[in-house]
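Dear colleague,

Please find the structure below for your review.

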Amino acid sequence: MGIKTNPLWVILISILVYYVSSVCASFDYGTALSNSLLYFESQRSGRLPYNQRVTWRGHSGLTDGLQQGVDLVGGYYDAGDNVKFGLPMAFTVTMLSWGIIEYRDEIASAGELGHALEAVKWGTDYFIKAHTDVNVLWAEVGDGDSDHYCWQRPEDMMTSRQAYKIDTERPGSDLAGETAAAMAAASIVFRETNPHYSHLLLHHAQQLFEFGDKYRGKYDVSIGVVKGFYASLSGYNDELLWAALWLYRASGREEYLKYAMENADSFGGVHWAVSEFSWDIKFAGVQILASQVEEEGPLIYRGSVGLLSM
(Lines give C-alpha, C1' and ligand atoms only; values in the text may rest on other atoms or scores of the structure.)
Protein backbone atom coordinates (compact mmCIF):
# COMPACT_ATOMS: atom_id res chain seq x y z
CA MET A 1 0.00 0.00 0.00
CA GLY A 2 2.98 2.29 0.34
CA ILE A 3 5.58 3.42 -2.11
CA LYS A 4 7.92 0.60 -1.13
CA THR A 5 5.68 -2.41 -1.79
CA ASN A 6 2.31 -1.35 -3.08
CA PRO A 7 -0.11 -4.29 -3.40
CA LEU A 8 -2.30 -2.15 -5.64
CA TRP A 9 0.06 -2.58 -8.55
CA VAL A 10 0.58 -6.24 -7.74
CA ILE A 11 -3.14 -6.94 -7.94
CA LEU A 12 -3.72 -4.86 -11.06
CA ILE A 13 -0.82 -6.43 -12.93
CA SER A 14 -1.94 -9.88 -11.82
CA ILE A 15 -5.47 -9.24 -13.04
CA LEU A 16 -4.15 -8.01 -16.37
CA VAL A 17 -1.87 -10.95 -16.95
CA TYR A 18 -4.61 -13.36 -16.05
CA TYR A 19 -6.84 -11.64 -18.56
CA VAL A 20 -4.37 -12.44 -21.36
CA SER A 21 -3.52 -15.90 -20.04
CA SER A 22 -5.60 -17.50 -22.79
CA VAL A 23 -2.94 -16.28 -25.23
CA CYS A 24 0.02 -17.16 -23.00
CA ALA A 25 -1.36 -20.39 -21.60
CA SER A 26 2.07 -21.71 -20.66
CA PHE A 27 2.23 -19.35 -17.69
CA ASP A 28 0.26 -19.87 -14.48
CA TYR A 29 -1.30 -16.44 -14.07
CA GLY A 30 -4.01 -17.86 -11.86
CA THR A 31 -1.39 -18.50 -9.20
CA ALA A 32 -0.08 -14.95 -9.60
CA LEU A 33 -3.57 -13.61 -8.98
CA SER A 34 -4.04 -15.87 -5.99
CA ASN A 35 -0.74 -14.87 -4.43
CA SER A 36 -1.41 -11.17 -4.89
CA LEU A 37 -4.69 -11.53 -2.98
CA LEU A 38 -2.88 -13.45 -0.25
CA TYR A 39 -0.70 -10.37 0.17
CA PHE A 40 -3.77 -8.40 1.23
CA GLU A 41 -4.47 -10.98 3.91
CA SER A 42 -0.93 -10.65 5.23
CA GLN A 43 -1.47 -6.89 5.60
CA ARG A 44 -4.67 -7.17 7.63
CA SER A 45 -4.88 -5.35 10.93
CA GLY A 46 -7.38 -6.17 13.65
CA ARG A 47 -9.06 -9.38 14.73
CA LEU A 48 -8.51 -11.88 11.96
CA PRO A 49 -11.42 -14.02 10.69
CA TYR A 50 -11.74 -17.77 11.07
CA ASN A 51 -11.02 -18.30 7.38
CA GLN A 52 -7.73 -16.38 7.41
CA ARG A 53 -5.43 -18.20 5.00
CA VAL A 54 -2.19 -16.49 6.03
CA THR A 55 -1.98 -18.42 9.27
CA TRP A 56 1.37 -17.04 10.42
CA ARG A 57 -0.39 -13.72 11.07
CA GLY A 58 -2.35 -13.15 14.28
CA HIS A 59 -4.67 -10.56 15.80
CA SER A 60 -3.07 -7.12 16.12
CA GLY A 61 -3.94 -3.48 16.69
CA LEU A 62 -6.90 -4.45 18.86
CA THR A 63 -6.82 -1.20 20.85
CA ASP A 64 -6.55 1.13 17.85
CA GLY A 65 -8.60 4.25 18.55
CA LEU A 66 -9.10 3.39 22.21
CA GLN A 67 -7.32 6.45 23.58
CA GLN A 68 -9.42 8.65 21.29
CA GLY A 69 -12.64 6.92 22.30
CA VAL A 70 -13.36 5.42 18.86
CA ASP A 71 -13.16 1.96 17.35
CA LEU A 72 -10.44 1.98 14.69
CA VAL A 73 -9.67 -1.72 14.78
CA GLY A 74 -9.19 -3.21 11.32
CA GLY A 75 -8.02 -1.97 7.97
CA TYR A 76 -4.64 -2.58 6.37
CA TYR A 77 -1.09 -1.87 7.43
CA ASP A 78 1.03 0.09 5.02
CA ALA A 79 3.72 -1.78 3.10
CA GLY A 80 6.02 -3.44 5.65
CA ASP A 81 5.07 -0.98 8.37
CA ASN A 82 2.55 -1.13 11.19
CA VAL A 83 1.02 2.27 10.46
CA LYS A 84 -2.40 2.63 8.88
CA PHE A 85 -2.28 5.52 6.39
CA GLY A 86 -5.72 6.44 5.09
CA LEU A 87 -4.88 7.95 1.70
CA PRO A 88 -2.92 5.07 0.11
CA MET A 89 -5.23 2.55 1.78
CA ALA A 90 -8.30 4.19 0.23
CA PHE A 91 -6.64 4.42 -3.20
CA THR A 92 -5.77 0.73 -3.04
CA VAL A 93 -9.39 -0.19 -2.27
CA THR A 94 -10.61 2.05 -5.11
CA MET A 95 -8.32 0.36 -7.58
CA LEU A 96 -9.02 -3.14 -6.34
CA SER A 97 -12.74 -2.39 -6.73
CA TRP A 98 -12.15 -1.06 -10.23
CA GLY A 99 -10.29 -4.22 -11.15
CA ILE A 100 -13.22 -6.34 -9.96
CA ILE A 101 -15.71 -4.19 -11.87
CA GLU A 102 -13.76 -4.56 -15.09
CA TYR A 103 -12.71 -8.21 -14.78
CA ARG A 104 -15.24 -9.81 -12.47
CA ASP A 105 -15.90 -12.78 -14.73
CA GLU A 106 -12.20 -13.48 -15.27
CA ILE A 107 -11.48 -13.30 -11.54
CA ALA A 108 -14.43 -15.59 -10.85
CA SER A 109 -13.26 -18.12 -13.43
CA ALA A 110 -9.92 -18.22 -11.62
CA GLY A 111 -11.78 -19.07 -8.41
CA GLU A 112 -10.64 -15.87 -6.70
CA LEU A 113 -13.73 -13.65 -6.72
CA GLY A 114 -14.64 -14.44 -3.12
CA HIS A 115 -11.15 -13.57 -1.94
CA ALA A 116 -11.15 -10.35 -3.98
CA LEU A 117 -14.48 -9.30 -2.46
CA GLU A 118 -13.14 -10.04 1.01
CA ALA A 119 -10.10 -7.87 0.29
CA VAL A 120 -12.31 -4.93 -0.64
CA LYS A 121 -14.65 -5.39 2.32
CA TRP A 122 -11.78 -5.56 4.82
CA GLY A 123 -10.91 -2.04 3.72
CA THR A 124 -14.42 -0.62 3.45
CA ASP A 125 -15.47 -2.02 6.83
CA TYR A 126 -12.61 0.00 8.29
CA PHE A 127 -13.60 3.16 6.39
CA ILE A 128 -17.11 2.91 7.81
CA LYS A 129 -15.61 2.79 11.30
CA ALA A 130 -13.25 5.67 10.54
CA HIS A 131 -16.11 7.88 9.32
CA THR A 132 -17.41 8.52 12.82
CA ASP A 133 -19.41 11.65 11.96
CA VAL A 134 -20.65 13.34 8.81
CA ASN A 135 -17.67 15.72 8.84
CA VAL A 136 -15.10 13.54 10.61
CA LEU A 137 -12.78 10.94 9.09
CA TRP A 138 -9.90 9.29 10.93
CA ALA A 139 -6.87 9.54 8.68
CA GLU A 140 -4.02 7.66 10.34
CA VAL A 141 -3.31 5.26 13.17
CA GLY A 142 0.26 4.95 14.40
CA ASP A 143 3.37 7.09 14.19
CA GLY A 144 5.55 6.70 11.13
CA ASP A 145 8.80 7.85 12.72
CA SER A 146 8.78 5.61 15.78
CA ASP A 147 7.40 2.72 13.71
CA HIS A 148 10.23 2.94 11.20
CA TYR A 149 12.83 2.88 13.97
CA CYS A 150 11.36 -0.30 15.44
CA TRP A 151 11.35 -3.53 13.43
CA GLN A 152 8.52 -5.43 15.02
CA ARG A 153 5.69 -7.78 14.09
CA PRO A 154 2.32 -6.04 14.40
CA GLU A 155 1.31 -8.77 16.85
CA ASP A 156 4.10 -7.56 19.18
CA MET A 157 4.22 -3.82 18.46
CA MET A 158 4.87 -1.43 21.32
CA THR A 159 5.03 1.77 19.28
CA SER A 160 2.53 4.65 19.43
CA ARG A 161 -0.99 4.02 18.17
CA GLN A 162 -1.91 7.68 18.18
CA ALA A 163 -4.79 8.36 15.79
CA TYR A 164 -5.30 11.47 13.67
CA LYS A 165 -8.45 12.80 12.05
CA ILE A 166 -9.71 15.41 9.62
CA ASP A 167 -12.78 17.50 10.42
CA THR A 168 -14.24 20.95 9.70
CA GLU A 169 -11.39 22.72 11.50
CA ARG A 170 -8.67 20.46 10.06
CA PRO A 171 -9.93 19.64 6.55
CA GLY A 172 -8.56 17.04 4.18
CA SER A 173 -10.39 17.13 0.86
CA ASP A 174 -7.90 14.77 -0.76
CA LEU A 175 -8.40 12.08 1.87
CA ALA A 176 -12.18 12.58 2.03
CA GLY A 177 -12.39 12.51 -1.77
CA GLU A 178 -10.32 9.34 -2.18
CA THR A 179 -12.23 7.55 0.57
CA ALA A 180 -15.49 8.61 -1.07
CA ALA A 181 -14.21 7.21 -4.38
CA ALA A 182 -13.26 3.92 -2.70
CA MET A 183 -16.67 3.50 -1.10
CA ALA A 184 -18.54 4.48 -4.26
CA ALA A 185 -16.54 2.03 -6.38
CA ALA A 186 -17.02 -0.70 -3.77
CA SER A 187 -20.76 -0.02 -3.72
CA ILE A 188 -20.83 -1.09 -7.37
CA VAL A 189 -18.83 -4.22 -6.54
CA PHE A 190 -21.34 -5.32 -3.86
CA ARG A 191 -24.55 -4.19 -5.54
CA GLU A 192 -25.68 -7.64 -6.61
CA THR A 193 -24.25 -9.81 -3.83
CA ASN A 194 -24.88 -7.52 -0.84
CA PRO A 195 -27.30 -4.71 -1.76
CA HIS A 196 -27.74 -3.44 1.80
CA TYR A 197 -24.00 -3.07 2.24
CA SER A 198 -23.75 -1.46 -1.20
CA HIS A 199 -26.32 1.15 -0.20
CA LEU A 200 -24.48 1.83 3.07
CA LEU A 201 -21.21 2.38 1.23
CA LEU A 202 -22.83 4.76 -1.23
CA HIS A 203 -24.36 6.72 1.65
CA HIS A 204 -20.97 7.17 3.31
CA ALA A 205 -19.38 8.07 -0.03
CA GLN A 206 -21.92 10.83 -0.63
CA GLN A 207 -21.39 12.28 2.84
CA LEU A 208 -17.61 12.19 2.52
CA PHE A 209 -17.67 13.88 -0.88
CA GLU A 210 -19.86 16.68 0.45
CA PHE A 211 -17.57 17.06 3.47
CA GLY A 212 -14.43 17.20 1.33
CA ASP A 213 -15.93 19.67 -1.13
CA LYS A 214 -17.44 22.01 1.47
CA TYR A 215 -14.43 22.14 3.78
CA ARG A 216 -11.48 22.32 1.44
CA GLY A 217 -7.89 21.79 2.40
CA LYS A 218 -4.97 19.38 2.09
CA TYR A 219 -4.92 16.65 4.68
CA ASP A 220 -1.15 16.85 5.13
CA VAL A 221 -1.52 20.46 6.26
CA SER A 222 -4.07 19.43 8.87
CA ILE A 223 -2.06 16.36 9.87
CA GLY A 224 1.57 17.38 9.70
CA VAL A 225 2.97 14.00 10.77
CA VAL A 226 1.98 12.44 7.45
CA LYS A 227 4.12 14.79 5.34
CA GLY A 228 7.22 12.64 5.55
CA PHE A 229 5.34 9.61 4.27
CA TYR A 230 2.31 10.44 2.12
CA ALA A 231 2.36 14.16 1.41
CA SER A 232 -0.42 15.29 -0.94
CA LEU A 233 1.82 16.95 -3.52
CA SER A 234 -0.89 17.09 -6.18
CA GLY A 235 -3.41 18.78 -3.88
CA TYR A 236 -7.04 17.75 -3.61
CA ASN A 237 -8.63 18.81 -6.91
CA ASP A 238 -7.89 15.48 -8.56
CA GLU A 239 -9.49 13.53 -5.70
CA LEU A 240 -12.65 15.66 -5.83
CA LEU A 241 -13.05 15.02 -9.57
CA TRP A 242 -12.20 11.33 -9.09
CA ALA A 243 -14.80 10.98 -6.34
CA ALA A 244 -17.47 12.84 -8.31
CA LEU A 245 -17.10 10.53 -11.31
CA TRP A 246 -17.17 7.39 -9.17
CA LEU A 247 -20.28 8.70 -7.42
CA TYR A 248 -21.90 9.31 -10.79
CA ARG A 249 -21.08 5.79 -11.92
CA ALA A 250 -22.39 4.33 -8.68
CA SER A 251 -25.53 6.42 -8.27
CA GLY A 252 -26.45 7.74 -11.72
CA ARG A 253 -27.13 11.16 -10.19
CA GLU A 254 -26.44 13.83 -12.77
CA GLU A 255 -25.27 16.33 -10.14
CA TYR A 256 -21.99 14.44 -9.80
CA LEU A 257 -21.35 14.41 -13.54
CA LYS A 258 -22.22 18.10 -13.70
CA TYR A 259 -19.77 18.80 -10.88
CA ALA A 260 -16.97 17.04 -12.75
CA MET A 261 -17.75 18.77 -16.05
CA GLU A 262 -18.02 22.23 -14.52
CA ASN A 263 -14.81 21.91 -12.49
CA ALA A 264 -12.59 19.85 -14.80
CA ASP A 265 -10.95 22.84 -16.45
CA SER A 266 -10.30 24.91 -13.32
CA PHE A 267 -9.22 21.87 -11.27
CA GLY A 268 -6.57 20.88 -13.83
CA GLY A 269 -5.53 17.64 -15.49
CA VAL A 270 -7.43 18.35 -18.71
CA HIS A 271 -5.14 20.31 -21.03
CA TRP A 272 -1.84 18.58 -20.35
CA ALA A 273 -0.43 15.08 -20.57
CA VAL A 274 -0.42 13.23 -17.26
CA SER A 275 2.63 11.03 -16.78
CA GLU A 276 1.75 9.50 -13.40
CA PHE A 277 -1.15 7.65 -11.81
CA SER A 278 -0.71 6.91 -8.12
CA TRP A 279 -2.12 7.26 -4.63
CA ASP A 280 -1.25 10.97 -4.91
CA ILE A 281 -2.26 12.04 -8.41
CA LYS A 282 -5.52 10.76 -9.93
CA PHE A 283 -5.91 12.87 -13.08
CA ALA A 284 -5.12 9.94 -15.40
CA GLY A 285 -7.87 7.90 -13.75
CA VAL A 286 -10.23 10.85 -14.00
CA GLN A 287 -9.55 11.08 -17.73
CA ILE A 288 -10.26 7.36 -18.22
CA LEU A 289 -13.51 7.53 -16.28
CA ALA A 290 -14.59 10.67 -18.14
CA SER A 291 -13.84 9.04 -21.50
CA GLN A 292 -16.24 6.22 -20.66
CA VAL A 293 -19.12 8.40 -19.48
CA GLU A 294 -20.70 9.21 -22.84
CA GLU A 295 -20.58 5.64 -24.09
CA GLU A 296 -21.30 3.75 -20.88
CA GLY A 297 -22.98 6.12 -18.44
CA PRO A 298 -23.46 5.12 -14.80
CA LEU A 299 -22.79 1.52 -13.78
CA ILE A 300 -26.17 0.94 -12.19
CA TYR A 301 -27.55 -1.95 -14.18
CA ARG A 302 -24.70 -3.14 -16.36
CA GLY A 303 -20.94 -3.61 -16.37
CA SER A 304 -18.42 -1.27 -17.93
CA VAL A 305 -15.90 -1.51 -20.73
CA GLY A 306 -12.44 -2.74 -19.87
CA LEU A 307 -10.20 -0.34 -17.96
CA LEU A 308 -7.19 -1.60 -19.84
CA SER A 309 -8.78 -1.71 -23.28
CA MET A 310 -7.62 1.76 -24.29
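A charge sits over a ring if NZ of Lys or CZ of Arg is within 6 Å of the ring centre and within 35 degrees of the ring normal. Arg-44 lies over the face of Trp-122 in this way, 4.6 Å from the ring centre. Likewise, Lys-121 places its charged end over the ring of Tyr-197, at 4.7 Å from the centre.

The model is a predicted one, in which local features need pLDDT of at least 70 and side-chain atom pairs count only at pLDDT 80 or more, while totals for chains, interfaces and linings use all residues. Residues are numbered from 1 along each chain as its sequence is written, and side-chain values use heavy atoms, without hydrogens and water.

Phe-190 is buried at 4% relative accessibility, and Tyr-197 is buried at 7% (buried means under 20% relative accessible area, exposed over 50%, partly exposed in between, with a 1.4 Å probe and protein chains only).

In total, the structure holds 15 aromatic pairs. Among them, Phe-40 and Tyr-76 are edge-to-face, 5.7 Å centre to centre with 70° between the planes. Both Phe-40 and Tyr-76 are buried. One aromatic cluster is formed by Phe-91, Trp-98, Trp-242, Trp-246 and Phe-277.

Yours sincerely

Terms used
Rings of Phe, Tyr and Trp (its six-membered ring) pair if their centres lie within 6.5 Å; planes under 30 degrees apart count as stacked, over 60 as edge-to-face and the rest as tilted.
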